[in-house]
Structures are given as C-alpha cells and as structure tokens.
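Please walk through the fold below with the model open beside the text.

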Amino acid sequence: MNSIAFRLHLSLITLTVLLLTVSSLTVWVALNTRSSTDALLDKALPNTINTIHMVDELSEMLFNLMRYVEEEDEEGHAAFLQHLETFVKHKQDLSVSKDQAISQDIAELRALHQAFLSLSQESVFNVFDPTAEQRARSLINSTSQPLEVLLDKLHTFINNQSDLQAFHNDFASLHRYDLELLDEMQDMKSDLDIYLLGYPLAEKRFIANAEEFKYYIQSLSDATSDPSILEQLKRIEWHFARFFGIANNVFKHHDNTARQRALKAVIALERGIFLDMKTLLNKMADQSDSLLIEESHGLRNIANKSMYLLIFVTVFATVLLAFIVLFFQRSLFRPLEKINTTIQALRLGHRNIPFEDIEDNELGRITLSLKNFQVGLSRLDQLQIENANQKEALKRDKEQLTEMLESLKSAQDKLIETEKLSSLGSLVAGVSHEINTPLGISVTMASTLETEHLSFLEKLKTGEIRREDLDNFESHSADAYSVMNRSLQRASELINSFKQVANDQTSEQLREFELGTLMREVYSTLHHQIKNRPIQFSLHAEEDLVMSSYPGPIGQVFTNLFNNSILHGFDQDGQGEISLTLVREDGRIRWLYRDSGKGLSGEGLKRIFEPFYTTRLGKGGSGMGMHIVYSIVVNMLQGDIKVYNDNGAVFDISIPASIQQAEGGQ
C-alpha cells in the first residue's frame, strides 16, 4: 500500500471505468443520431435534390424540342435524348416513402413522363425531319445552278452583241427577253423556297412563272436566227425541263406542313403535360422539404437528450476526478513538491541541505539520489571556478574580434556611399549629354537669326530692301524662333526631370509619386550609356501606378540593375534588349526586369547579392551594386527580390505600393 505504483494503478483503473462509461454513452448518442440522419440523408434530402434536377432537365428537354423544330437542328434530338437519360436517372433515384400520397405522386409522375416521351416521339420526331427539307433544297440547287449559269452566259453574249453599233437595234428585243428569263428564274427559285417553308399557294405561283419562262424562251427563239443563241436556248430548254421535273417531284412528295404540325405539338406539350409535370415536381419538392424539416426536429430532440446525459456524466466525472486529485495531492504531489524545492535550492547554490525522514518507496529513492547529487555538485562548483577564468580570457578575444567586425562594416558603408556617388556622377554625365543636343540647336538657330537680322538691317539702311526680302526675313525668323522655343523647352523639361531625380537620390524622403513617370525620368539619365550601342530599352508600365514610398532608393535600384546589365550582361559591341515591366498585384507593385545578355552562372545566381562579389574585379566592378539593390528592396522598401535565368538575367521584384513612415524618420 505504501508503493506509489500501486496508487497509480488504482487511479488508472478508476479512470478506465469512467472512460468506458463515457464511451458507452457516446456510442448510444451516435447510434440514435445515425438513425435520424439516415432518414434525413436517404429520403428527404435526396428527394428534394432529385426533384429540383428533374425540373431543370424537363425544361431542357422542351427547349431542345423547340430547337429541333424551329432551327432545323438535328443535334436538338441528340440533346433531348441526353437530358431524357439524366431525367430518368434522377427519377430512379427518388426514394419511395411509406407515405401513400408520395407514392401516388411518383406513380403519376411516371405516367406523365411516359406520355410526354410518347407525344414527343410521335408528334415531333416522327412527323418532322429536318434532313428531308435539306435534301429537297440540295436537289433544287443542283438542278437550278446549271440553268442559271447558262442564262448568265446568254445574258453576257447578248449584252456584248448589243453594245456593237451594227447590232444595237436588232438585239434590243433579245435583250428584253433575256432579262425577263433571268427574272422568271429568280421568281421560280423564290416560289420553291416559300413552298418549303410551308406556304401552300407557292406551287401555283411556280407553275405560272414556269409558263412565263417557256413563253420568253419561245419569244427569244422566234426573234433571232443567230445559231449561237439558238444553240444556247436548246441547252437552256433541256436544263429547264430537268429543273421543272425536280420541282414537280418536290411538290408531289415533300410534306411542307410537317414543321407547322410539329411546332403545334411542341406548344401543346408545353401548355399541357409539361406544365402538369412541373407542377407535380414542385409539389413533390414541397413534400420533401416538409419531411426534411420533420426529420430535423427529430434530430434536435435526440441532441437535447444527449446533452442532458452528457451533463450528468460530466458532473459525475468532475466529482470523481476531485477525489482522485485529493488522493494524489496527499500521497504524490506534496512529496514531489518537497523534492522540487530541494532541487531549486541546489540550483541556487545551496550545498548544506539536510535530508530527513526518507521513506522506503520510489520517492524516497529519489531523495537519496538527491543527497548523493549534492555531494557531486560541490565538486562541480570547483570546476566552474576554473571554467570562469577561461571564459574571461575568451571574452577579451571576442571584444577584439568585435572591433575588427566594426571596422569591416565601416569599410562596407564607405563602399556603399562610393557606389551612390558613382551613380550620381552617372546622372550628371547623362544630364550634360542629353541637354547638349537642344542647347546646341538653340545656339545654331540664334547664330543664324543674328546673321539674317544683320543682313536685313544692311538692306534697310541702303534702301535696297524689297517686299520679297521682308517676307523671307519674316518666314526665316518665325522658323528660327519656333525651333529655338522647342529646343529650349526640351532643355527645360530635361533639367526639371534631372533635378527631380537628383533630389530623390540624395534625400531618400517618403513621398507620393507615379512609378512609370519616375522610371522614365531615371532612364533619361541613363540613356546616354546605350545611345551609340545596339542595345534597346523598353518600359511597359500600367497607367496610374501611384506609390507612397521612397523614389530615391527606387531609382537607385533601377540604376544599379541597368548598370549591371551594361557592365556584365553585354559585350562591348554586343547587341541586345533590356525591358522593365511594372504591374499592380493586390496592393503591391511587381517589377520584372530582364535583359537578353549572358545571364548568370550557377555560382552567380547564389552569390549575386553578397557584398564584394563581382565577376569583374579590377575592371570596373566593386561588388556592391547588387548588394545595395538587395538591401534597398528588402530593408527599406519592405519587399522581396528573386533572380533567375531566362534567355538572360531576370530580376523579379515585389514591393508594397504604400509604405508607412517609421517613427523618427528613415
């Protein structure tokens, strides 16, 4: 009884009994819940879903019937059968209830469905065949086209002959008969088209027009003795006889009322059986909804009973656990607390703790072990004193290494400032190169205008001036002033742009700006580097990319990327392309900077953002440019940057469109 293991076994047996009780109650609740949910999921819910699907499929079947008749679409029949198959599947999935009313509704639905299917087949698909009308049209076209070709040839021949002066009067009547033949041919084709659409009087009109056609052929034969025309008329008469025979065959065998009868059958289905089936399905859906609500209430009652049982079990378990806790408090926890206090005292450095009343059990053996441990700690204290002396020596070495690290950081900061000054120097070079062109044009125009002005004054003083001289002076002056104005305006725009870029690169202040405009301004300071090289740059930016960020560091990132491409990506005379794409993505701005240069090696991809890493050491590369890019993007702009090869180097950068000013400034 004094063993702690015995006490633990007794407690575990009690807890096991409690767990079995809770498990039994849980199984009972699960079985009752399952019986209710089975009724809910096997009958009420499936019937509701199936009736809804059946209403949709029924509407689709009616739509495809109408499509089959009105649009003469054979695919409407296939679509009707497909939706019919789906409708039958949902009908088979209906769960038969013990409720007699529901069983009667299902039986009535089956009867209505059978009637709907039977009427669709007998009154629509068996009555109207779209391919019959298409075959009739094809047969008519195959016989009418040769006839029309011959009539066109005759018309062309008569027109050509009537254009000659010698035959103008003789062919006038022939020309009139020829036109009448063409007109009657078109009327006969129209009559056949109208007949196929179901117009009953079209047959009589066709026969009348055919008689007119024969009359004009005979008139044309009587009016001429030209053998060429007579030969063509014989061929026309032969093809007309064939065309007339085909037309009579269509009148005799083609039922042109089938479409109207099928359409009336579809309308009757829609107003009759379709409406009855839809009403019945809606009624069945309402019944299923009622059953669903009823089963839900039953499930709620089971849940309430289960809740009361679980509350009782919880109260009982709480009381039982309280007794177990009190038992463990007296026989286990207090002795363990005493052991813990002893351990804490040993950790605080006490080495003269008395150990009394050691019991003969597991905790007593632990106490005896602590007594022996106290002796070992006393010996360990002596070793710690010796270790402290060694740590002091290591501390002095660490301070020396820290001073060396600070020196290295200071040198790195100076290199970064040097890189920024180099970028500013590149900006100044770009300013002087870009402004030189408009200022040179302005100086040339001013010199030319001065020469013109002196020449004009000379002629004015000598009295040799003429009106022509005055007009020339006026025209040349206007042109010169216009060129000077455009050049000076361009120089002013460049100065303002360079001024803004220079201010941003030196101030690093947070402000609002349009990113596309900033990139164009920065590029205008870099353009001179590729102006005389076969390298093209393109900027693709969405409109109104407004940011609240640091334009100076952003410009520094673009400048360093551009300089990196020029210095490392291309040979001195190599050609290529550099592009920058700017898009907005969920409150962030994504850069996709790429060049078509050499790309990066495997080592370069891993180490490109490391400080002092360069592949052109001593050839213009400091190894800090891309490290500055990484520091600005990640630390200052709160973004991220990735690099990979894709027909050249690609830098994928994502930064927030808006950055909050940190306390105390940047």
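Which residue stands opposite Tyr593 in β5? The residue is Leu580. The model is predicted, so local features are taken where pLDDT is at least 70 and side-chain atom pairs only at pLDDT 80 or more, while totals for chains, interfaces and linings use all residues. Residues are numbered from 1 along each chain as its sequence is written, and side-chain values use heavy atoms, with hydrogens and water left out.

Strand β4 covers residues 576-585 and runs antiparallel to β5, with eight bridges joining the two. Two strands pair if DSSP finds at least two bridges between them. β4 and β5 form a hairpin with two residues between them, and Asp586 in that turn has a positive phi of about 55 degrees. Most residues other than glycine have a negative phi.

On its other pairing, β5 is joined by seven bridges to β7 (residues 649-656), again antiparallel. Tyr593 stands opposite Phe651 in β7, and Ile589 stands opposite Ile655 in β7. In a regular strand the side chains alternate between the two faces of the sheet. Buried means under 20% relative accessible area, exposed means over 50%, and partly exposed lies in between (1.4 Å probe, protein chains only).

These strands belong to an open sheet of five, in the order β2-β4-β5-β7-β6, with mixed pairing. β2 (535-541) and β6 stand at the edges with a single partner strand each, so one side of each has no neighbour in the sheet. From one strand to the next the twist averages 10 degrees.

Two helices lie across the sheet. Helix α12 (residues 515-526) lies across β2, β4 and β5 and runs at about 165 degrees to β2. α13 lies across β2, β4, β5 and β7, at about 15 degrees to β5. For these angles, axes are lines fitted to C-alpha atoms, for helices over the stretch in contact, and the angles run from 0 to 180 degrees between N-to-C directions. Contact means heavy atoms within 4.5 Å.

The loops around the sheet supply three further residues. Gln572 lies between α13 (551-569) and β4 and is exposed, at 62% relative accessible area. Its C-alpha is 8.5 Å from that of Arg533, although the two residues are 39 apart in sequence. Gln638, in the loop between α15 (625-636) and β6 (640-645), has a positive phi of about 60 degrees although it is not a glycine. Gln638 is partly exposed, with a relative accessible area of 44%. Asn647, in the loop between β6 and β7, is likewise not a glycine and has a positive phi of about 55 degrees. Asn647 is exposed, with a relative accessible area of 70%.

Elsewhere the description concerns helices. Helix α6 (residues 202-222) has 21 residues and spans 30 Å from first C-alpha to last, close to the expected 30 Å; the expected span is 1.5 Å times one less than the number of residues. Its buried residues include Phe206, Asn209, Ala210, Phe213, Tyr216, Ile217 and Leu220. An α-helix has 3.6 residues a turn, so residues three or four places apart point the same way.

Helix α7 (residues 227-253) contains Gln232. Gln232 counts as buried because its relative accessibility is 15%. Apart from neighbours within four places in sequence, Gln232 is in contact with Leu150, Lys153, Leu154 and Phe157.

An unreviewed UniProt entry places the feature "transmembrane region" at residues 307-328; such annotations may be inferred rather than shown by experiment. In the model that stretch is 100% helix and 0% strand, with its end C-alpha atoms 31 Å apart.

Taken as a whole, the protein has 15 helices and seven strands. Buried residues make up 36% of its 666 residues. Of the contacts with a separation of 6 or more, 76% are between residues 24 or more positions apart. The accessible surface comes to about 39800 Å², 55% of it belonging to carbon and sulfur atoms, by the Shrake-Rupley method with a 1.4 Å probe.

Definitions and conventions: Helices (H or I, at least four residues) and strands (E, at least two) are DSSP runs, numbered from the N terminus.
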